[in-house]
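Could you look through the model below before reading my comments? I have kept them to what can be checked residue by residue.

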Amino acid sequence: MDVLLLAIESVLTMLLLMGTGYYLSARKWFTTENYGLIAKLVTNFALPANMLYFILTDFSRSKLIHLAPGLIIPIASILITMFISFGAVRLLKVKDGRKGTFSSMFFNSNSIFIGVPLNFALFGPESLPFVLLYYFANTFFFWTLGVQMISKDGLYYDASQNSFSSGLKKILNPPLIGFLLALILLLLNVKLPSFLMSYFEYSGSLVTPLSMLFIGISIFFTGITSIKFSKDMVGILLGRFVIAPGIMALLVWFLPIPLLMKQVFIMQAAMPVMTNAPVVAKVYKADSKYAALMVTVSTIASLFIAPIWMLIIQLID
(Lines give C-alpha, C1' and ligand atoms only; values in the text may rest on other atoms or scores of the structure.)
Protein backbone atom coordinates (compact mmCIF):
# COMPACT_ATOMS: atom_id res chain seq x y z
CA MET A 1 0.00 0.00 0.00
CA ASP A 2 2.88 2.39 0.79
CA VAL A 3 4.38 1.70 -2.63
CA LEU A 4 1.09 2.43 -4.36
CA LEU A 5 0.65 5.68 -2.43
CA LEU A 6 4.16 6.82 -3.35
CA ALA A 7 3.49 6.08 -7.02
CA ILE A 8 0.24 8.06 -6.86
CA GLU A 9 2.02 10.96 -5.15
CA SER A 10 4.66 11.06 -7.93
CA VAL A 11 1.94 11.34 -10.57
CA LEU A 12 -0.04 13.91 -8.59
CA THR A 13 3.06 16.10 -8.29
CA MET A 14 3.35 16.11 -12.09
CA LEU A 15 -0.34 16.96 -12.47
CA LEU A 16 -0.04 19.84 -10.01
CA LEU A 17 2.84 21.31 -12.01
CA MET A 18 0.77 20.98 -15.20
CA GLY A 19 -2.13 22.65 -13.41
CA THR A 20 0.13 25.53 -12.40
CA GLY A 21 1.06 26.12 -16.04
CA TYR A 22 -2.61 26.03 -16.98
CA TYR A 23 -3.53 28.50 -14.22
CA LEU A 24 -0.73 30.94 -15.06
CA SER A 25 -1.81 30.90 -18.70
CA ALA A 26 -5.37 31.69 -17.66
CA ARG A 27 -3.94 34.66 -15.72
CA LYS A 28 -2.23 35.74 -18.98
CA TRP A 29 1.33 35.20 -17.76
CA PHE A 30 1.97 33.33 -21.00
CA THR A 31 0.81 33.92 -24.55
CA THR A 32 0.95 31.87 -27.74
CA GLU A 33 3.89 34.06 -28.79
CA ASN A 34 6.17 33.67 -25.78
CA TYR A 35 5.64 30.24 -24.25
CA GLY A 36 7.79 28.57 -26.90
CA LEU A 37 10.78 30.04 -25.04
CA ILE A 38 10.22 27.45 -22.32
CA ALA A 39 10.60 24.65 -24.86
CA LYS A 40 13.87 26.12 -26.12
CA LEU A 41 15.17 26.61 -22.57
CA VAL A 42 14.44 23.00 -21.64
CA THR A 43 15.77 21.46 -24.85
CA ASN A 44 18.88 23.56 -25.43
CA PHE A 45 19.99 24.32 -21.87
CA ALA A 46 18.42 22.34 -19.03
CA LEU A 47 18.33 18.89 -20.63
CA PRO A 48 22.02 18.73 -21.67
CA ALA A 49 22.98 19.76 -18.13
CA ASN A 50 20.60 17.15 -16.72
CA MET A 51 22.19 14.43 -18.87
CA LEU A 52 25.70 15.35 -17.72
CA TYR A 53 24.84 15.53 -14.02
CA PHE A 54 22.65 12.44 -13.91
CA ILE A 55 25.06 10.12 -15.72
CA LEU A 56 28.27 11.36 -14.10
CA THR A 57 26.72 11.24 -10.62
CA ASP A 58 24.79 7.96 -10.66
CA PHE A 59 27.11 5.87 -12.81
CA SER A 60 30.74 4.80 -12.91
CA ARG A 61 32.96 3.44 -15.68
CA SER A 62 33.17 -0.03 -14.11
CA LYS A 63 29.42 -0.19 -13.51
CA LEU A 64 28.70 0.87 -17.08
CA ILE A 65 31.03 -1.77 -18.56
CA HIS A 66 29.62 -4.46 -16.25
CA LEU A 67 26.01 -3.68 -17.12
CA ALA A 68 26.50 -2.89 -20.82
CA PRO A 69 25.38 -6.35 -22.08
CA GLY A 70 22.03 -5.77 -20.39
CA LEU A 71 21.38 -2.88 -22.78
CA ILE A 72 20.49 -5.38 -25.50
CA ILE A 73 17.14 -6.13 -23.83
CA PRO A 74 15.65 -2.60 -23.67
CA ILE A 75 17.12 -1.83 -27.11
CA ALA A 76 15.38 -4.88 -28.61
CA SER A 77 12.12 -4.10 -26.81
CA ILE A 78 12.06 -0.46 -27.93
CA LEU A 79 12.92 -1.33 -31.53
CA ILE A 80 10.15 -3.94 -31.73
CA THR A 81 7.66 -1.48 -30.24
CA MET A 82 8.80 1.18 -32.72
CA PHE A 83 8.14 -1.07 -35.71
CA ILE A 84 4.71 -1.94 -34.30
CA SER A 85 4.01 1.80 -34.06
CA PHE A 86 4.52 2.12 -37.83
CA GLY A 87 1.83 -0.50 -38.38
CA ALA A 88 -0.43 1.26 -35.88
CA VAL A 89 -0.07 4.53 -37.84
CA ARG A 90 -1.46 2.81 -40.93
CA LEU A 91 -4.08 0.76 -39.12
CA LEU A 92 -5.47 3.76 -37.22
CA LYS A 93 -5.04 6.10 -40.21
CA VAL A 94 -3.19 8.70 -38.16
CA LYS A 95 -3.43 12.00 -40.01
CA ASP A 96 -0.49 13.82 -41.54
CA GLY A 97 1.24 16.13 -39.08
CA ARG A 98 0.87 13.60 -36.28
CA LYS A 99 2.37 10.39 -37.64
CA GLY A 100 5.93 10.89 -36.40
CA THR A 101 4.79 12.31 -33.07
CA PHE A 102 2.43 9.35 -32.65
CA SER A 103 5.23 6.84 -33.22
CA SER A 104 7.66 8.64 -30.93
CA MET A 105 5.13 8.72 -28.08
CA PHE A 106 4.19 5.09 -28.77
CA PHE A 107 7.68 3.63 -28.21
CA ASN A 108 9.34 6.08 -25.77
CA SER A 109 8.44 6.14 -22.07
CA ASN A 110 8.77 8.50 -19.13
CA SER A 111 11.60 6.41 -17.69
CA ILE A 112 13.00 9.09 -15.36
CA PHE A 113 10.42 11.52 -13.95
CA ILE A 114 7.96 8.78 -13.02
CA GLY A 115 9.98 5.62 -13.65
CA VAL A 116 12.77 6.37 -11.16
CA PRO A 117 10.62 7.18 -8.10
CA LEU A 118 8.25 4.32 -8.86
CA ASN A 119 11.03 1.72 -9.17
CA PHE A 120 12.75 3.08 -6.06
CA ALA A 121 9.50 2.71 -4.18
CA LEU A 122 8.96 -0.83 -5.45
CA PHE A 123 12.45 -2.29 -5.34
CA GLY A 124 14.71 0.09 -3.40
CA PRO A 125 18.04 1.69 -4.42
CA GLU A 126 19.40 -1.64 -5.70
CA SER A 127 17.15 -1.16 -8.74
CA LEU A 128 19.06 1.96 -9.87
CA PRO A 129 21.54 0.21 -12.24
CA PHE A 130 18.69 -1.48 -14.14
CA VAL A 131 16.61 1.72 -14.13
CA LEU A 132 19.54 3.54 -15.71
CA LEU A 133 20.08 0.81 -18.32
CA TYR A 134 16.55 1.32 -19.60
CA TYR A 135 17.05 5.09 -19.33
CA PHE A 136 20.16 4.83 -21.54
CA ALA A 137 18.30 2.99 -24.31
CA ASN A 138 15.13 5.07 -24.03
CA THR A 139 17.04 8.38 -24.03
CA PHE A 140 19.17 7.42 -27.01
CA PHE A 141 16.21 6.37 -29.14
CA PHE A 142 14.12 9.42 -28.22
CA TRP A 143 16.83 11.97 -28.98
CA THR A 144 17.75 10.29 -32.26
CA LEU A 145 14.88 8.48 -34.01
CA GLY A 146 12.12 9.99 -31.85
CA VAL A 147 13.17 13.58 -32.48
CA GLN A 148 13.69 12.87 -36.18
CA MET A 149 10.12 11.53 -36.42
CA ILE A 150 8.63 14.51 -34.59
CA SER A 151 10.59 16.96 -36.76
CA LYS A 152 8.99 15.45 -39.88
CA ASP A 153 5.59 16.54 -38.53
CA GLY A 154 6.82 20.15 -38.31
CA LEU A 155 5.22 22.94 -40.32
CA TYR A 156 8.51 23.82 -41.97
CA TYR A 157 9.70 20.30 -42.76
CA ASP A 158 10.81 19.95 -46.38
CA ALA A 159 11.58 16.43 -47.58
CA SER A 160 13.58 17.82 -50.50
CA GLN A 161 16.03 19.33 -48.03
CA ASN A 162 16.40 16.14 -46.04
CA SER A 163 20.11 15.75 -46.78
CA PHE A 164 22.58 13.82 -44.66
CA SER A 165 23.90 17.03 -43.08
CA SER A 166 20.45 18.37 -42.19
CA GLY A 167 19.41 14.98 -40.82
CA LEU A 168 22.59 14.77 -38.77
CA LYS A 169 21.93 18.25 -37.38
CA LYS A 170 18.50 17.17 -36.13
CA ILE A 171 19.86 13.97 -34.59
CA LEU A 172 22.84 15.69 -32.93
CA ASN A 173 20.64 17.93 -30.80
CA PRO A 174 21.86 19.48 -27.51
CA PRO A 175 20.37 16.78 -25.20
CA LEU A 176 21.94 13.96 -27.20
CA ILE A 177 25.27 15.81 -27.32
CA GLY A 178 25.11 16.17 -23.54
CA PHE A 179 24.29 12.47 -23.25
CA LEU A 180 27.19 11.39 -25.47
CA LEU A 181 29.61 13.81 -23.80
CA ALA A 182 28.68 12.38 -20.40
CA LEU A 183 29.36 8.84 -21.67
CA ILE A 184 32.76 9.86 -23.03
CA LEU A 185 33.73 11.55 -19.76
CA LEU A 186 32.52 8.50 -17.86
CA LEU A 187 34.51 6.03 -19.97
CA LEU A 188 37.63 8.20 -19.70
CA ASN A 189 37.22 8.45 -15.91
CA VAL A 190 37.24 12.25 -16.11
CA LYS A 191 36.18 13.94 -12.88
CA LEU A 192 34.70 17.39 -13.32
CA PRO A 193 35.21 20.09 -10.65
CA SER A 194 32.55 20.19 -7.95
CA PHE A 195 31.48 23.74 -8.86
CA LEU A 196 30.80 22.60 -12.44
CA MET A 197 28.82 19.59 -11.26
CA SER A 198 26.78 21.89 -9.02
CA TYR A 199 26.09 24.09 -12.03
CA PHE A 200 24.86 21.07 -14.02
CA GLU A 201 22.76 19.96 -11.05
CA TYR A 202 21.00 23.31 -10.64
CA SER A 203 20.53 23.75 -14.39
CA GLY A 204 19.31 20.19 -14.89
CA SER A 205 16.78 20.49 -12.08
CA LEU A 206 14.81 22.90 -14.28
CA VAL A 207 13.82 20.12 -16.67
CA THR A 208 10.90 18.56 -14.81
CA PRO A 209 9.10 21.71 -13.53
CA LEU A 210 9.53 23.61 -16.80
CA SER A 211 8.41 20.63 -18.89
CA MET A 212 5.30 20.17 -16.75
CA LEU A 213 4.52 23.90 -16.85
CA PHE A 214 4.87 23.83 -20.63
CA ILE A 215 2.41 20.94 -20.90
CA GLY A 216 -0.13 22.79 -18.75
CA ILE A 217 0.28 25.91 -20.88
CA SER A 218 -0.17 23.91 -24.08
CA ILE A 219 -3.37 22.34 -22.76
CA PHE A 220 -4.75 25.79 -21.90
CA PHE A 221 -4.20 27.08 -25.42
CA THR A 222 -5.64 23.87 -26.87
CA GLY A 223 -8.83 24.41 -24.89
CA ILE A 224 -9.71 21.77 -22.33
CA THR A 225 -13.35 21.61 -23.49
CA SER A 226 -12.30 20.88 -27.07
CA ILE A 227 -10.44 17.71 -26.12
CA LYS A 228 -11.95 14.63 -27.73
CA PHE A 229 -10.67 11.08 -27.66
CA SER A 230 -9.67 9.71 -31.03
CA LYS A 231 -8.49 6.33 -32.30
CA ASP A 232 -4.86 7.41 -32.38
CA MET A 233 -5.04 8.60 -28.75
CA VAL A 234 -6.33 5.19 -27.69
CA GLY A 235 -3.58 3.65 -29.82
CA ILE A 236 -0.87 5.51 -27.90
CA LEU A 237 -2.35 4.40 -24.57
CA LEU A 238 -2.38 0.79 -25.77
CA GLY A 239 1.18 1.17 -26.99
CA ARG A 240 2.46 2.60 -23.75
CA PHE A 241 0.55 0.44 -21.27
CA VAL A 242 -0.08 -2.85 -23.07
CA ILE A 243 2.17 -3.38 -26.09
CA ALA A 244 5.49 -1.95 -24.80
CA PRO A 245 5.45 -3.69 -21.39
CA GLY A 246 3.93 -6.82 -22.96
CA ILE A 247 6.81 -7.11 -25.42
CA MET A 248 9.32 -6.54 -22.62
CA ALA A 249 7.65 -9.23 -20.49
CA LEU A 250 7.86 -11.73 -23.34
CA LEU A 251 11.53 -10.90 -23.91
CA VAL A 252 12.65 -11.28 -20.29
CA TRP A 253 10.34 -14.07 -19.12
CA PHE A 254 12.68 -16.96 -19.93
CA LEU A 255 16.02 -15.14 -20.02
CA PRO A 256 18.62 -16.17 -17.41
CA ILE A 257 18.95 -12.67 -15.97
CA PRO A 258 18.35 -11.39 -12.42
CA LEU A 259 14.71 -11.27 -11.37
CA LEU A 260 15.07 -7.62 -10.34
CA MET A 261 16.27 -6.69 -13.84
CA LYS A 262 13.20 -8.35 -15.36
CA GLN A 263 10.82 -6.54 -13.04
CA VAL A 264 12.44 -3.11 -13.46
CA PHE A 265 12.53 -3.37 -17.25
CA ILE A 266 8.83 -4.24 -17.41
CA MET A 267 7.85 -1.36 -15.12
CA GLN A 268 10.01 1.08 -17.10
CA ALA A 269 8.36 -0.05 -20.34
CA ALA A 270 4.92 0.54 -18.77
CA MET A 271 5.50 4.23 -18.00
CA PRO A 272 3.43 7.04 -19.63
CA VAL A 273 4.43 9.20 -22.60
CA MET A 274 7.81 10.92 -22.33
CA THR A 275 7.34 14.46 -21.01
CA ASN A 276 9.83 15.95 -23.48
CA ALA A 277 7.67 15.02 -26.50
CA PRO A 278 5.56 18.22 -26.48
CA VAL A 279 8.64 20.35 -25.82
CA VAL A 280 10.40 18.91 -28.88
CA ALA A 281 7.20 19.20 -30.93
CA LYS A 282 7.03 22.91 -30.11
CA VAL A 283 10.66 23.48 -31.10
CA TYR A 284 10.08 21.82 -34.50
CA LYS A 285 6.68 23.49 -35.08
CA ALA A 286 4.88 20.15 -34.87
CA ASP A 287 1.60 19.46 -33.04
CA SER A 288 2.79 20.20 -29.50
CA LYS A 289 -0.76 20.51 -28.17
CA TYR A 290 -1.53 16.95 -29.25
CA ALA A 291 1.68 15.74 -27.60
CA ALA A 292 0.93 17.69 -24.41
CA LEU A 293 -2.54 16.20 -24.24
CA MET A 294 -1.17 12.67 -24.56
CA VAL A 295 1.40 13.28 -21.80
CA THR A 296 -1.42 14.44 -19.52
CA VAL A 297 -3.85 11.63 -20.39
CA SER A 298 -1.21 8.90 -20.15
CA THR A 299 0.14 10.28 -16.86
CA ILE A 300 -3.36 10.22 -15.34
CA ALA A 301 -3.97 6.73 -16.77
CA SER A 302 -0.75 5.49 -15.16
CA LEU A 303 -2.42 5.95 -11.75
CA PHE A 304 -4.62 3.00 -12.64
CA ILE A 305 -2.33 0.99 -14.92
CA ALA A 306 0.84 0.94 -12.79
CA PRO A 307 -0.77 -1.09 -9.95
CA ILE A 308 -1.90 -3.71 -12.50
CA TRP A 309 1.64 -4.18 -13.79
CA MET A 310 2.90 -4.26 -10.20
CA LEU A 311 0.70 -7.32 -9.68
CA ILE A 312 1.73 -8.93 -12.98
CA ILE A 313 5.47 -8.72 -12.29
CA GLN A 314 4.97 -10.61 -9.06
CA LEU A 315 4.17 -13.65 -11.23
CA ILE A 316 7.59 -13.56 -12.89
CA ASP A 317 10.29 -15.82 -11.50
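1. Basis of the note. This is a predicted model, in which local features need pLDDT of at least 70 and side-chain atom pairs count only at pLDDT 80 or more, while totals for chains, interfaces and linings use all residues. Residues are numbered from 1 along each chain as its sequence is written, and side-chain values use heavy atoms, with hydrogens and water left out.

2. Confidence. The mean pLDDT of the chain is 83, and 88% of its residues reach 70 or more; pLDDT is the predictor's confidence in each residue, on a scale from 0 to 100. Confidence is highest in helix α4 (residues 72-91), at a mean of 96, and lowest in helix α8 (residues 164-171), at 52. Over residues 160-164 the pLDDT is below 50, and beyond near neighbours in sequence this stretch has 4 contacts in the model, a contact being heavy atoms within 4.5 Å.

3. Overall make-up. The chain has 15 helices and 0 strands, where helices (H or I, at least four residues) and strands (E, at least two) are DSSP runs numbered from the N terminus. Of its 317 residues, 55% count as buried, which means under 20% relative accessible area, with exposed set at over 50% and partly exposed in between (1.4 Å probe, protein chains only). The chain exposes about 14,400 Å², of which carbon and sulfur atoms supply 70%; these areas come from the Shrake-Rupley method with a 1.4 Å probe, and for residues only the protein chains shown count as cover. Among contacts in the chain with a separation of 6 or more, 86% join residues 24 or more positions apart.

4. The pair α4 and α5. The axes of α4 and helix α5 (residues 99-107) come within 9 Å and cross at roughly 145 degrees; axes are lines fitted to C-alpha atoms, for helices over the stretch in contact, and angles run from 0 to 180 degrees between N-to-C directions. From α4, the residues Ile78, Thr81, Met82, Ile84, Ser85, Phe86, Ala88 and Val89 meet Lys99, Phe102, Ser103, Phe106 and Phe107 of α5. The residues of this contact divide into 9 nonpolar, 3 polar and 1 charged, with Ala, Val, Leu, Ile, Met, Phe, Trp, Tyr, Cys and Pro counted as nonpolar, Asp, Glu, Lys and Arg as charged, and the others, Gly among them, as polar.

5. Valine 94. This residue sits in the loop between α4 and α5 and is buried, with a relative accessible area of 5%. Not counting residues up to four places away in sequence, valine 94 touches Ala88, Val89, Lys99, Phe102 and Asp232. Valine 94 and aspartate 232 are 138 residues apart in sequence, yet 6.2 Å apart in space, C-alpha to C-alpha.

6. Phenylalanine 179. Placed in helix α9 (residues 174-187), phenylalanine 179 is buried at a relative accessible area of 3%. Its contacts, leaving aside neighbours within four places in sequence, are with Met51, Ile55, Phe136, Thr139 and Phe140.

7. Helix α13 and serine 302. Helix α13 (residues 259-269) is mostly covered, with 10 of its 11 residues buried; among them are Lys262, Gln263 and Gln268. Serine 302, in helix α15 (residues 288-313), counts as buried at 5% relative accessibility. Serine 302 touches Val11, Phe241, Pro272 and Pro307, not counting residues up to four places away in sequence.
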